[in-house]
Amino acid sequence: DDFSLFTNDFLVGLDYENIDSRGRSWNAVHPMTRERADPTLSGDFDFSNVSVYVQNDIKPSSLIKFTLGGRYEIFDGNLDNNLTGNRGAYFEKIFNPKGGVLVTPLEGLEFFGNIGSGYILPIGFLKFENPAVDHARLISYDVGTRYQPVPEALLQLSLYRTKVTDEIIVD
């Protein structure tokens, strides 16, 4: 293996998302007429997300590549609940690291493994009206192999597992 082929690819990015929304929900008086009863949910919310991510792919030789990275996100939002008159706010910072390895023993044959973390934010109005509710955490693992005998064909087998903690399930 030729270690003089060392490469290092570094990626930096920035994302921004803004949501300005009105949430409304009613029960139907009669399903055929679509006549609405009193609202069961009515709220106006704004929500923004700013994130910075970095990834470094280090390839010390043609045989192996390491990936290290992460994403730092800031969430901020406000809710006006039109049914209760309450105003709620949401603010949270989350960091999600990731890493991986790719081994290429022969041209067209690869073995890989990855680990990364993630999150699930509380749904709907819950994140605004109850600041004590935290996001759910995820840790994902995957391992596998890819084989490409010819450019027109790719065979891949992978196994993965995702573990979720502190998930809130709402009926």
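Because the model is predicted, local features need pLDDT of at least 70 and side-chain atom pairs count only at pLDDT 80 or more, while totals for chains, interfaces and linings use all residues. Residues are numbered from 1 along each chain as its sequence is written, and side-chain values use heavy atoms, with hydrogens and water left out.

The structure holds five salt bridges, a salt bridge being a side-chain nitrogen of Lys or Arg within 4 Å of a carboxyl oxygen of Asp or Glu. Side chains of opposite charge can pair when their charged atoms come close.

| Pair | N to O distance |
|---|---|
| aspartate 15 and arginine 71 | 2.7 Å |
| aspartate 44 and arginine 24 | 2.9 Å |
| arginine 146 and glutamate 110 | 2.9 Å |

The bridge between aspartate 15 and arginine 71 links distant parts of the chain, with aspartate 15 in strand β1 (residues 7–30) and arginine 71 in strand β3 (residues 64–81), 56 residues apart; strands are DSSP runs of E, at least two residues, numbered from the N terminus. Asp15 and Arg71 also belong, with Glu73, to a network of salt bridges. Aspartate 15 is partly exposed at a relative accessible area of 28%, the term covering values between buried (under 20%) and exposed (over 50%), with a 1.4 Å probe and protein chains only.

Aspartate 44 and arginine 24 form a salt bridge; aspartate 44 lies in strand β2 (residues 35–61) and arginine 24 in strand β1, so the pair ties together parts 20 residues apart in sequence.

Terms used:
Helix = DSSP H or I, 4+ residues; strand = E, 2+ residues; numbered from the N terminus.
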